[in-house]
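Student: I've got a model open and I'd like to talk through a few of its helices and strands. Can we go piece by piece?

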Amino acid sequence: MNHPLAQLFLARLREFFREKAAIFWTYGFPLILALILGTAFRNRPIEAIKVDVVTTEATQEEAGKLVERWREKDPRLKVELHPEKEALDRLRTAKTALVVFPDPAEAAKYRTVVDENQPGSVLARAAVDTLVLREANPAAAVPTATTMADQSGGRYIDFLMPGLIGMNLMGGGLFGVGFLIVDMRVRKLLKRYLATPMRKSDFMLSIMLSRLLFTITDVAVLLAVAHLPFFGLTVHGNWVALLAFILLGGITFTGIGLLIACRARTLETASGLMNAFMLPQWLVSGVFFDSSNFPAVLQPLIQALPLTAVNNGLRAVINDGAGFGGILVPSAILLAWGGISFLLSLKLFRWL
Amino acid sequence: MSSLAVRVSALVKTYPASPPVEAVRGVDLEVTVGECFGLLGPNGAGKTTTMEILEGLLAPTGGEVEVLGRRWDRDEREIRERIGISLQETRLSDKLNVRETVTLFRSFYRTGLTPDEAIERVSLQEKAKAFVDKLSGGQRQRLAIACALVGDPEMLFLDEPTTGLDPQSRRQLWDVIRDFKARGRTVILTTHYMDEAEKLCDRVGIIDHGKVIALGTPNELILQLGGEHVLDLTVTEPAPLTADDLSRTTAVKSVRAGAGGTFTLTVTDPAQALPAVMELVRAKGAGLVGLSTRHATLEDVFVTLTGHQLRDDS
């Protein structure tokens with residue numbers, strides 16, 4: 001117990017658990033964020049399909065009947081009647097997805113105006129086409145039964161939870177190690193430690209181990225909450241692989257935190273560096289939406305980012321059922337980031 | 001010789017800049033075991049830089065440093081085990097209590113006092129369970145020294161240990177330092193309080209512009225002024241008499257003219273000097289505003305040597 005590593009570790013635990021704010025930001029905040037986002041996106045609502053039907057005074061009655069029939073057949077449709085100019089304006093400003101000009105004489109003859117850039121618009125045309133076709137040809141093939149797919153693994157919450165865990169691993173490692181070290185440097189505490197026979201490796205290890213403990217428990221809480229029936233997250237892959245991968249992610253980000261903090265002399269510098277590193281990754285690394293949405297030219301860069309690697313690995317195990325074999329690539333990327341960061345920070349670290 | 005605790009020769013520290021900043025410009029020092037040595041000088045004189053080189057926290061640009069007969073580049077860990085350091089401004093962790101803090105520092109050393117012994121040496125027993133952020137400035141400074149003492153060092157380096165403390169806290173710290181010295185151990189401290197240096201230090205070195213400009217016991221340095229008494233004289237302006245006039249007066253060794261018609265005279269015997277000075281004031285028709293005598297202090301030594309005040313409070 002009197003080993004310096006044990007004492008340094010103990011001191012970190014005491015400092016941490018006596019700081020109410022630190023506990024909130026490490027455990028409370030991510031949990032609240034996960035609860036709010038998770039609840040909001042637990043199931044995405046069935047998307048309404050907005051269609052405007054163009055009417056004139058002459059066609060008003062006919063169009064009204066048409067709309068009644070459509071609404072009855074496809075509950076997703078939100079059909080509104082508008083004069084031509086108004087309807088086209090609504091399409092231009094994306095207030096509606098499709099404009100339909102019905103032919104009062106023959107129901108099967110109609111014109112549509114589609115906006116190809118709106119995914120909803122294409123969907124709306126398909127929906128309207130189907131309706132009109134079926135009306136004209138009631139004998140067309142119809143599925144005998146339709147069941148809604150709602151299985152764990154493919155829902156948005158299943159996508160989101162691994163992303164939030166990845167985000168926590170990154171934030172915990174960077175802020176937890178980065179701010180701590182820069183703060184100790186500003187307070188001249190690093191210099192004071194340097195003035196003792198303390199081994200530098202003991203110091204570094206104590207920072208990393210304590211941070212890992214804080215982050216891993218935080219992630220464990222998140223995983224446990226995601227497992228509640230309310231969210232119903234299921235780990236389809238190997239649990240041991242998942243835990244090992246989370247540990248690797250935690251270590252990698254403490255290494256990057258160390259690197260970011262290794263020379264910064266003020267908290268402002270450190271916080272600027274950390275934000276510059278984290279903000280782009282929150283956006284492109286697939287926390288909230290799939291990173292494959294970004295242009296192909298950027299993909300090699302995006303895939304090489306540590307948060308992308310963490311998220312890909314977590315999703316592979318949690319959703320796709322992967323074991324150790326399925327996370328080799330993200331693990332290699334993380335090892336590279338972590339290893340290089342550690343080596344660089346050992347070389348560059350400034351105690352004074 | 002092994003009786004030397006610190007030996008420094010031709011110490012130089014230059015910081016790269018344009019033009020380069022010469023913080024220390026050729027310092028030679030020897031401090032013997034069991035001595036309390038004080039480095040005095042104004043802010044920016046090179047005191048802290050010199051201290052940090054002695055403490056092995058800064059690498060010198062040139063010169064040699066030996067601490068307890070060892071050199072930093074070869075025996076860093078060995079020296080670290082045998083010295084204790086209190087830096088000018090360290091903020092220890094607010095959320096640890098006194099005993100936890102000292103215990104943490106104790107763990108860094110192979111041998112040493114128990115944490116409670118170290119706390120007792122600085123009389124913080126009653127605060128052993130108090131968090132650092134609940135301590136007063138003086139108590140924090142004593143805790144810093146407990147952390148320096150807990151490795152049972154042969155030598156203490158204290159950089160401005162009493163700066164910013166109230167008189168009572170300063171006296172408590174002096175007791176801690178005297179107690180350490182009474183055990184035959186060595187202390188090197190920096191200060192810009194002259195009374196502190198005179199009361200605590202066996203010898204002092206005055207540093208200005210990166211050089212040691214005077215070295216000796218406080219008494220020796222004061223005697224170097226040529227007299228141990230000082231006469232402070234103030235006359236109405238414009239003063240009809242000059243420093244030259246005063247310096248020719250009986251028993252006056254040196255004269256320094258200050259602003260606002262003030263003169264500081266170093267005198268061997270005030271009983272002889274006073275009547276002579278009064279005679280001169282009357283003869284010149286000067287209006288007397290103030291006149292006082294006192295013992296010379298290190299402050300006078302410093303001002304005489306450098307021409308400026310030790311503490312630039314302006």
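Predicted model: local features only at pLDDT ≥ 70, side-chain atom pairs only at ≥ 80, totals over all residues.

Student: Let's start with helix H3 of chain B. How many of its 10 residues are buried?

Tutor: H3(B) covers residues 98-107 and is mostly covered. The buried set includes B:Val102, B:Leu104 and B:Phe105, along with B:Glu100 and B:Arg106. The count of buried residues is nine.

Student: Which helices of chain A are included in what covers the buried residues of H3(B)?

Tutor: Part of the cover comes from chain B, with helix H4 (115-121) and helix H5 (137-149). Chain A also takes part, and its helices in that list are H1 (4-17) and H7 (189-194).

Student: And which residue caps the N-terminal end of H3(B)?

Tutor: Look for a side-chain oxygen 3.1 Å from the backbone nitrogen of B:Arg99. The residue that supplies this oxygen is B:Asn97.

Student: In S8(B), what is the bridge partner of B:Leu40?

Tutor: Five bridges join S3(B) to the parallel strand S7 (residues 186-191) of chain B, where B:Phe37 stands opposite B:Ile188. S3(B) also pairs in the parallel sense with S8 (residues 203-208) of chain B, over four bridges. There, the partner of B:Leu40 is B:Ile206.

Student: Over to chain A: is A:Ile36 buried or exposed?

Tutor: A:Ile36 is in helix H2 (residues 20-40) of chain A. Together with A:Phe24, A:Trp25, A:Phe29 and A:Ile32, A:Ile36 makes a nonpolar surface patch of about 510 Å². Its relative accessible area is 54% and the cut-off is over 50%, so A:Ile36 counts as exposed.

Student: Last one: which residue's side chain makes a polar contact of 3.2 Å with that of B:Arg82?

Tutor: B:Arg82 is in helix H2 (residues 72-82) of chain B. Setting aside neighbours within four places in sequence, B:Arg82 is in contact with B:Leu68, B:Arg70, B:Pro153, B:Glu154 and B:Met155. In an α-helix, residues three or four places apart point the same way. The polar contact of 3.2 Å is with B:Glu78.

Note on methods:
Residues numbered from 1 in each chain as written. Chains lettered and ligands numbered in written order. Heavy atoms only, no water. Buried < 20%, exposed > 50% of the residue type's maximum accessible area, 1.4 Å probe, protein only. Helix = DSSP H or I, 4+ residues; strand = E, 2+ residues; numbered from the N terminus. Contact = heavy atoms within 4.5 Å. Polar contact = N/O pair within 3.5 Å; in protein donor to acceptor, adjacent residues only side chain to side chain. Pairing = 2+ DSSP bridges. Patch = residues over 30% accessible without salt bridge, like charges linked within 9 Å, V, L, I, M, F, W, Y side chains within 5 Å. Areas by Shrake-Rupley, 256 points an atom, 1.4 Å probe, with all protein chains shown as cover. Salt bridge = Lys/Arg side-chain N within 4 Å of Asp/Glu carboxyl O.
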